[in-house]
Amino acid sequence: MLSEVYVGIDVGSVSTNIAAIGSDQKIVFTYYTRTNGQPLVAIKKGLYRLKDELGDDTTIAGVGTTGSGRQLAGVMVGADIVKNEITAHAVATTNIKPDVRTIFEIGGQDSKLILVKDGMVVDFAMNTVCAAGTGSFLDHQAERLGLPIDRFGEMALKSKTNVQIAGRCTVFAESDMIAKQQYGFSKADIIMGLCRALVRNFINNLGRGKMLQPPFVFQGGVAANTGIKAAFEEELKQTVTVPDYFDVMGAIGAAILAWEEVEQKGCSSFRGLDSLKTDFTPSSFICEGCANMCEVIKVEANEVTIAVWGDRCGKWKENIKQVKLKEII
Amino acid sequence: MKVSFPYMGPVTAYRKLFEQLGYEVIVPPRPTQRTVELGAKNSPEFACFPFKVLMGSYIEACELGAELIFSSGGHGPCRAGFYGEIHARNLKNLGYQAEVVIFDEPLYNWKGFYNNVKRLKGDNSFFRLLRATFLTYRVMSELDKCERLLHRISPYQRKAGSAEKAWLLIQKEYANVFNGKGLALARSKTEEIIKEIELSKVEERDRIKIGIIGEIYVVLEPSINMGIENILNDLGCETERSQYLSEWVDYMLIPGKGKKEKGIMAKAEKYIDIVIGGHAKQNIGHIIDFKERGFDGIVHLKPFACLPELVTESIIPEMSRVYDIPILTLSLDEQSGLTNNLTRIEAFVDLIRKKDRARHIS
């Protein structure tokens, strides 16, 4: 059966996620992998997997990218839309749970709080200068305790005593955890204490001065951690929902946005899976054309510059169009 | 005598003043990553971001041979009041001989102000000083006017970068102004340059206007605020700042011309009744002013560890609710990565657009 799918790619600091939705907006494919510092490789792997799983009858009718690596990913695949992850997450969540009011999203390097009203983002906050409460820190602690990260939550739920741990800063949290460990508290208690501390930090930091209203949805890689979910529910005294595809919500949002965009434009700018064989080499230089001294980032494919950003006056962007024209001729 | 000054906003205008007085002018390089690093390395760790950038700028000016640095000071509860002294001391410790002259508000210390003016005047007559100051002031006001206009039209430019290019050209025109005649010529050339920018027509209801408030240095100087106005313009939003240097000069130096600022301060009375340093009170007033003038959102720039703006930030959620206007606070520091803030800015613009559309539908 011939079918069309819309693909969303979320290139985050820690993980790269891909999701595909059919034209009926049903999710047909999801993929979650660690970026390991090489987003381009991760995207390629994911897209080949998509091709394998969905078969040759499926065509990609549109692509959207999001996450901190959205721009490069967008150039590489020829995305129809490149969107920030806050909007992408909100789009995905309101699609799955239209009455949602508060979204907690905790990823590898940052955490976000998104407030929604009538399906529209009305306010948001992102952690500012500190990694406390993000996936990377939990990863680090799991490693230190010799515990696989996927068992972190399960372990936390076994806790029986309440252990106080400072959540304001990772340095304090870690020294607190070590102190408590030397007093002989169980691993489970310490881990649950950490979960509570992170949630407290999240709500104090991001929720400062904001009204958090139910229904609550918790998503992002860290939502796999049942300990954090329990700590959220304890703190808010409300149920917190973790959606089925909590770890790829950004990618789902990007896929939905790509679908909307293609509906509007009528065609897709997707370069096709074959284009993935091309090597993309990003580089940067300082343009010394004027006092602005812009840091210009350019991406080359087969030694032809295909994208440039960072130049304020458009001097380098102009050149690209000419190259493209020549190619066509 | 080789003189220099802080790099803040329309440097073309400051340059004018010193040139007219016969000084050899050293324009400090536009702040780059190197400036910030130099500044951070040679500043107290807890000092705020503007202090560090200025420190870096002064060092770079000294490297180019500056012997005298003119700057403005502050008084009141904000730490900026000490900064000139600490900058001067740090430069001395680093082995630079440059002297730092700090202009405080005239009414605050008449005598000190007068002595500084005499220092600036040098061997020139008072008449010459006045003439140079007046010309500088006019250049500054006209450049400010152009910049304000460009950020209003650049979201609608047909060709990316044409407004930025125009701005570079306009600054060059004004750099060659030496008298009233030159000023008139620059003005007419500027009009032509602006006319050259091709614009697409956008309905009034589809326009998005964003006001920018915050600490004066980060509001005025694009090189250290990520070029916030350009970013917002590229996302299709018109921008206007709370601070333009010529307005600040109006308020500080020209009797009877600071009415606008006084009106803004009056609006803030309800939230902050005393001046707590920096521009905290003005910023609160500007939030209300922007809302009254039909702006769709506000971006608040706060240097990390800036006390007055921390106070503003804590009042913002309440004001955003009461005045029903989205406000985004961005914290600026040495960090050069833009990704994180770009995400916030884009999401903020998405939020405003959706809000706007919903309002038009209902």
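Reader: How many residue pairs are in polar contact between chain A and chain B?

Author: Keep in mind that this is a predicted model, and the pairs counted here have both residues at pLDDT 80 or more. The chains meet through 27 residues of chain A and 29 residues of chain B. Between them, the residue pairs in polar contact number six.

Reader: Which element gives the most residues to the side of chain A that touches chain B?

Author: Two elements of chain A give two or more residues to that side: helix H3 (85-96) and strand E8 (120-126). By class, the side has twelve nonpolar, eight polar and seven charged residues. The biggest giver, with six residues, is E8(A).

Reader: What is the area buried between chain A and chain B?

Author: Carbon and sulfur atoms give 57% of that area. On the chain A side, Met120(A), Phe124(A) and Arg312(A) lose the most, together 24% of what that side buries. The buried area comes to about 2,400 Å².

Reader: Which residue of chain B meets Arg70(A) in a salt bridge?

Author: Side chains of opposite charge can pair when their charged atoms come close. The count between chain A and chain B is three salt bridges. For Arg70(A), the N to O distance is 3.3 Å, under the 4 Å cut-off, and the partner is Glu346(B).

Reader: How many residues apart in sequence are Lys52(B) and Glu334(B)?

Author: A search over all chains finds 33 salt bridges. Lys52(B) and Glu334(B) form a salt bridge, with their closest N and O atoms 3.1 Å apart. Lys52(B) sits in helix H3 (residues 49-63) of chain B and Glu334(B) in the loop between strand E8 (327-332) and helix H15 (339-361) of chain B, so the pair ties together parts whose separation in sequence is 282 residues.

Reader: Are H3(A) and H9(A) roughly parallel or roughly perpendicular to each other?

Author: H9(A) is the helix at residues 249-265, and its axis runs 7 Å from that of H3(A). The contact includes Val91(A) and Ile96(A) of H3(A), along with Ile252(A) and Leu257(A) of H9(A). Its residues divide into nine nonpolar, five polar and no charged. The packing angle is about 85°, and 65 to 115 degrees is the range that counts, so the two helices are roughly perpendicular.

Conventions. Residues are numbered from 1 along each chain as its sequence is written. Chains are lettered from A and ligands numbered from 1 in the order in which they are written. This is a predicted model: local features need pLDDT of at least 70, side-chain atom pairs count only at pLDDT 80 or more; totals for chains, interfaces and linings use all residues. Side-chain values use heavy atoms; hydrogens and water are left out. Contact means heavy atoms within 4.5 Å. Buried area is the accessible area (1.4 Å probe) that two parts lose on being put together, summed over both. A salt bridge is a side-chain nitrogen of Lys or Arg within 4 Å of a carboxyl oxygen of Asp or Glu. A polar contact is a pair of N or O atoms within 3.5 Å; within protein, one must be able to donate a hydrogen and the other to accept it, and residues adjacent in sequence count only if both atoms are side-chain atoms. Helices (H or I, at least four residues) and strands (E, at least two) are DSSP runs, numbered from the N terminus. Ala, Val, Leu, Ile, Met, Phe, Trp, Tyr, Cys and Pro count as nonpolar, Asp, Glu, Lys and Arg as charged, and the others, Gly among them, as polar. Axes are lines fitted to C-alpha atoms, for helices over the stretch in contact, and angles run from 0 to 180 degrees between N-to-C directions. Angles under 35 degrees count as roughly parallel, over 145 as roughly antiparallel, 65 to 115 as roughly perpendicular and the rest as oblique.
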